[in-house]
Amino acid sequence: MTDRAIQIDNLTVRYGRNTAVDNVSLNVERGAVYALLGRNGAGKSSLIRCLLGQQKADAGGVRLFGDDVWQRRAALMQRVGVVSEDSDAPPEMSVGALARFCRCLYARWDQAAFETRMQHFGIGLDDRFGTLSKGQKKQVSLALALAMSPDLIVLDDPTLGLDVVARKALFEEVIGELADRGISVFVTTHDLSGIETFADRVGILQRGQLVLDEDADALRSRFRRIRFTAQPVALETGGLAATRMRSWGGGAEAIVSNYDDIAFERFRAASGVSAAEIEPMTLEEIFVAVAGENGGGR
């Protein structure tokens, strides 16, 4: 049995002359949370469709739990719960009817867990899907995805359009399920603060290419914002790499992508800089530093 929930090898997706996903490879271990970030048009949706066996790649492939998803999609989707960007269901259909429909499709369906989650969310089984708020529709979608007892859950920008309270509630529900059952999670999102605390690994897509794929703690540990009260000499004198440097007040601000204390002290000794303010960076700030203003894609 493989230890990998997801294995993507040299995945390439083209639309005519445009390459949406360009030779991407990444792995997600069982029980891990992988956050794939990218600006609109970076290639996330195309990658998700290949991941779910909805689209055949032009090159490379995807394996879920060791099996090719294109060849074994029907069997593999019994193990994968999906919460899509748009929560869609017939508006006249009741929540209970949606659950009964899904119950016929999934062998490991847990009706009791679904009903408990609906009670927790304050949503009635007789409520028509079309009358629910956007946040409630996402909650129903999440409850349906979790009730099938998945080994992997794919969240495709699940909090898009939700207010801060609804976003927090949705991610807390996922975190609770992770703690209880140890499922694997693959999430694409623009809500970087929401996944900050529970992403194990982070990938960044830029113009179809995976420009970063790293352990989340290691990523945060090497990025720092350094503010100087005066214009410093080149950071390279200490072996530090600045991804961005700009004026800040009477001094300068640098975003450093390979920070460590020893390298900074080496820089300080070589440059004679005494006054500097060093701050850790959030995942959102790191994403902006890596993707940048020109980091959009097709």
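Q: Which residues in helix 4 meet which ones in helix 5?
A: This is a predicted model, so keep that in mind. From helix 4, Phe114, Arg117, Met118 and Phe121 take part. From helix 5, the partners are Gln139, Val140, Ala143, Leu144, Leu146 and Ala147.

Q: What's the split by class in that contact of helix 4 with helix 5?
A: There are 8 nonpolar, 1 polar and 1 charged residues.

Q: At what angle do helix 4 and helix 5 pack, and how far apart are their axes?
A: The angle is about 155°, and the axes are 9 Å apart. Helix 4 covers residues 111-121 and helix 5 covers residues 134-147.

Q: Why are those two, helix 4 and helix 5, roughly antiparallel to each other?
A: Their angle is about 155°. Anything over 145 degrees counts as roughly antiparallel, so helix 4 and helix 5 fall in that class.

Q: And is the crossing of helix 4 and helix 5 right-handed or left-handed?
A: Right-handed.

Q: Now helix 3 and helix 4. What angle and axis distance there?
A: The angle is about 155° and the axes are 11 Å apart. Helix 3 and helix 4 are therefore roughly antiparallel. Their crossing is right-handed.

Q: Which residues meet between helix 3 and helix 4?
A: Val95, Ala99 and Arg103 come from helix 3. Gln111, Phe114 and Met118 come from helix 4. By class, that contact has 4 nonpolar, 1 polar and 1 charged residues. Note that Phe114 and Met118 meet helix 3, and Phe114 and Met118 also meet helix 5.

Q: Change of topic: where does Ser94 lie?
A: In the loop between strand 6 (80-83) and helix 3 (95-103).

Q: What does the Ser94 side chain reach?
A: The backbone nitrogen of Ala97, at 3.0 Å. Leaving out residues up to four places away in sequence, Ser94 touches Arg100, Leu125, Asp126, Asp127 and Arg128.

Q: There's another serine, Ser257. Where is its place?
A: In the loop between strand 13 (251-256) and helix 9 (261-271). Ser257 is buried, with a relative accessible area of 13%.

Q: Which residues does Ser257 touch, not counting those up to four places away in sequence?
A: Arg222, Phe223, Ala241 and Thr243.

Q: Over to strand 1. Is Ile8 buried or exposed?
A: Ile8 is buried, with a relative accessible area of 0%. Strand 1 (residues 4-15) is where Ile8 is found.

Q: What does Ile8 touch, sequence neighbours up to four places away aside?
A: Val24, Ser25, Leu26, Asn27, Leu47, Gly61 and Val62.

Q: How far apart are Ile8 and Val24?
A: In sequence, 16 residues. In space, C-alpha to C-alpha, 7.1 Å.

Q: Last one, helix 10. Which residues in it are buried?
A: Leu283, Ile286, Phe287, Ala289 and Ala291 are buried in helix 10 (residues 283-291).

Q: And what covers the buried residues of helix 10?
A: The cover includes strand 3 (33-37), strand 9 (201-206), strand 12 (242-248) and strand 13. Helix 7 (192-195) and helix 8 (216-222) are also among the elements there.

Q: What comes just after helix 10?
A: Gly292, which takes a positive phi of about 65°.

Technical notes
Residues numbered from 1 in each chain as written. Predicted model: local features only at pLDDT ≥ 70, side-chain atom pairs only at ≥ 80, totals over all residues. Heavy atoms only, no water. Helix = DSSP H or I, 4+ residues; strand = E, 2+ residues; numbered from the N terminus. Polar contact = N/O pair within 3.5 Å; in protein donor to acceptor, adjacent residues only side chain to side chain. Contact = heavy atoms within 4.5 Å. Axes fitted to C-alpha atoms, helices over the stretch in contact; angles between N-to-C directions. Parallel < 35°, antiparallel > 145°, perpendicular 65-115°, else oblique. Left-handed = near helix turned anticlockwise from the far one by under 90°. Nonpolar A, V, L, I, M, F, W, Y, C, P; charged D, E, K, R; others polar. Buried < 20%, exposed > 50% of the residue type's maximum accessible area, 1.4 Å probe, protein only.
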